[in-house]
Amino acid sequence: MHYRAVETTDEYVARLETGADWRAEIESLADAVDADAAWFTALGAVQDAELWFYDQDACEYEPIEFDEPLEVASCVGNVSLLEGDRFAHTHVVLSGPDGNAVAGHLNEATVWAGEVHMRVFEEPLERDHDETTDLDLWL
Amino acid sequence: MHYRAVETTDEYVARLETGADWRAEIESLADAVDADAAWFTALGAVQDAELWFYDQDACEYEPIEFDEPLEVASCVGNVSLLEGDRFAHTHVVLSGPDGNAVAGHLNEATVWAGEVHMRVFEEPLERDHDETTDLDLWL
Amino acid sequence: MHYRAVETTDEYVARLETGADWRAEIESLADAVDADAAWFTALGAVQDAELWFYDQDACEYEPIEFDEPLEVASCVGNVSLLEGDRFAHTHVVLSGPDGNAVAGHLNEATVWAGEVHMRVFEEPLERDHDETTDLDLWL
């Protein structure tokens, strides 16, 4: 286990724009407040979504597409630098009209409404390639 | 994307009362500590639950009722003012004995046990009617 | 509803070790930073998992086992003292290759990758037996 004490420099709430991309909006917030490291949680609803499932044998992401309105019952993630760009690593739990839940790594989704809380850390988090998992990890 | 820097004035942990309503308990906590804006996450279990799914075409909430014990695997939300009253906008992920998950906007649920973390912000968040979504949104 | 104002003494981000146990890793972080009370959220993926569902009639946990790779779409929990030991009460939402979600109280799971944010509180939280639910609760 690798860990780091963090200093929070500032803290934000945000409302995501209807029609925009959920993850891009969070990255825009990070850009707007100059956050090279941050932690966020969020809730809301989307008009569609593309989740990615990581195949741990093939070490590849497989997309799962949903072309219908879904609640965002949970969203947890963090901002870090990936090859020099701010990247919002975003996991979500989504649900449909019968309440049934689907979940995973969020690649993209069209915002219906979104409410975000973000804490910004002083020291950047930088992702590097990890041999074991073939993922880009920080620390 | 609309955002605001927030100043946290205080921070709480709470245990929700068995038999009480999950969301009302969170609003009682907000009342007790005079929070007109706050962010919370929580976990626990409930004895039943009513979720609401927002129909993005009809712009109406549709209720989904569960009359059985469920784990609260995740709960994310915030406190704001809605027509002058404190309102805990609360999204949850619930699960049954086979682990299957249902999720969405929580209207009400009878607490079995609940553990909450809440951060209280200095400046109130106020909800106003949003034309595009027909929802009450802040910022 | 029982609540307590908390003072955060320090805040951490951590990366869980591939192959280790998810909950034990969080407890190791708590040990490493001397946390007798903390709140955390996390995301990642696991290679397998054992969830527990609490039967509210029998007042017993029932295990649910998953022997396949799953995303950790959400993880919310807290650290407290249980019979003198640090215990990470951990709820998760997991998902498979079709996105379908399972969720509940996490007993154990083998980490594939895990990213954690933890806030450490000054005053310890201690769990005691609660008559009504037959659970060990704090406050």
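Predicted model: local features only at pLDDT ≥ 70, side-chain atom pairs only at ≥ 80, totals over all residues.
To start with the extent of the contact, chain A puts in 39 residues and chain C puts in 40 residues. Together the two chains bury about 3,300 Å² between them, and 63% of that area comes from carbon and sulfur atoms. On the chain A side, the residues that lose the most area to chain C are Met1(A), Phe53(A) and Gln56(A), which together make up 23% of what that side buries.

Next come the polar links. Between chain A and chain C there are 20 residue pairs in polar contact, counting pairs with both residues at pLDDT 80 or more. As for which parts of chain A are involved in touching chain C, the elements giving two or more residues are β1 (2–5), β3 (38–55), β4 (60–66), β5 (70–82), β6 (85–95) and β7 (101–121). Of these, β7(A) supplies the largest share, 7 residues. Sorted by class, this side of chain A has 23 nonpolar, 12 polar and 4 charged residues.

Charged partners turn up as well: the count of salt bridges between chain A and chain C is 2. One of them pairs Arg127(A) with Glu115(C), with the closest N and O atoms 2.9 Å apart.

The two chains also pair up strand to strand. Here β1(A) runs antiparallel to β2 (residues 8–16) of chain C, and 4 bridges join the two strands. Within this pairing, Arg4(A) sits opposite Val13(C) of β2(C).

Key: Residues numbered from 1 in each chain as written. Chains lettered and ligands numbered in written order. Heavy atoms only, no water. Contact = heavy atoms within 4.5 Å. Buried area = accessible area lost by both parts, 1.4 Å probe. Salt bridge = Lys/Arg side-chain N within 4 Å of Asp/Glu carboxyl O. Polar contact = N/O pair within 3.5 Å; in protein donor to acceptor, adjacent residues only side chain to side chain. Nonpolar A, V, L, I, M, F, W, Y, C, P; charged D, E, K, R; others polar. Pairing = 2+ DSSP bridges.
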